[in-house]
Amino acid sequence: MERKGFTLWFTGLSGAGKTTLARLVEAELLSRGHNVEVLDGDIIRTNLSKGLGFSKEDRDTNIRRIGFVCNLLTRNGVVAIAAAISPYREVRDEVRRDIGSFVEVYVKCPINVLAERDVKGLYKKALAGELKNFTGVDDPYEAPVAPEVLVETDSDTAEVSAAQIIARLEELSLVSREPQASAMKK
């Protein structure tokens with residue numbers, strides 16, 4: 001199977017498991033011979049989007065920058081994996097249109113579970129009104145209407161969710177089905 005590039009876009013609230021899943025899927029795709037690059041939202045904000053705040057305009061600019069890099073990688077045969085909250089549906093759809101070969105993964109997890117998991121205490125502060133403009137609390141998060149993949153990290157393990165994502169990529173003929181042992185436990 002010829003290895004074509006595509007973008008795998010993880011969206012969901014802070015702490016839902018986007019980066020964890022991106023790394024598991026990355027390992028599996030690498031084991032299958034794909035060229036893969038992960039663009040993690042936190043790392044992008046530190047480097048490519050340094051200086052941007054959290055206004056809607058700045059968040060949109062950040063997502064467009066990630067999308068631009070994903071587009072470059074995708075058209076050059078790389079699997080670009082973006083793991084960013086990307087709270088606004090309109091900008092995610094814009095990036096999808098620009099890239100073309102785009103698979104949206106909605107990493108869904110209820111806020112009460114995220115607050116329990118949150119080692120930094122950000123949800124607790126946001127829910128108490130001490131932290132403003134926190135996505136999903138007092139700043140909107142627009143969930144995808146029809147993502148190619150929906151994983152629910154409050155009920156499934158990271159390994160089960162990653163296996164669901166890989167299975168969907170196989171169904172979409174973006175990756176071949178691998179009969180041999182893989183990096184991911186089935």
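Visitor: Which ground rules apply to the numbers?
Guide: Residues are numbered from 1 along each chain as its sequence is written, and side-chain values use heavy atoms, leaving out hydrogens and water. In this predicted model, local features need pLDDT of at least 70, side-chain atom pairs count only at pLDDT 80 or more, and totals for chains, interfaces and linings use all residues.

Visitor: In what order do the elements of the protein chain run from the N terminus on?
Guide: Helices (H or I, at least four residues) and strands (E, at least two) are DSSP runs, numbered from the N terminus. The protein chain has seven helices and five strands. Their order is β-α-β-α-α-β-α-β-α-α-β-α.

Visitor: How many residues of strand E1 are buried?
Guide: Buried means under 20% relative accessible area (1.4 Å probe, protein chains only). Phe6, Leu8 and Phe10 point one way from E1, while Thr7, Trp9 and Thr11 point the other way, and all are buried. For E1, residues 6-11, the count is six of six.

Visitor: Which residue is the bridge partner of Leu8 in E3?
Guide: Two strands pair if DSSP finds at least two bridges between them. E1 and E3 (residues 79-83) pair in the parallel sense over five bridges. There, the partner of Leu8 is Ile81.

Visitor: And which residue in E4 does Thr7 stand opposite?
Guide: E4 covers residues 102-108 and runs parallel to E1, joined by five bridges. Opposite Thr7 stands Phe102.

Conventions:
Buried < 20%, exposed > 50% of the residue type's maximum accessible area, 1.4 Å probe, protein only.
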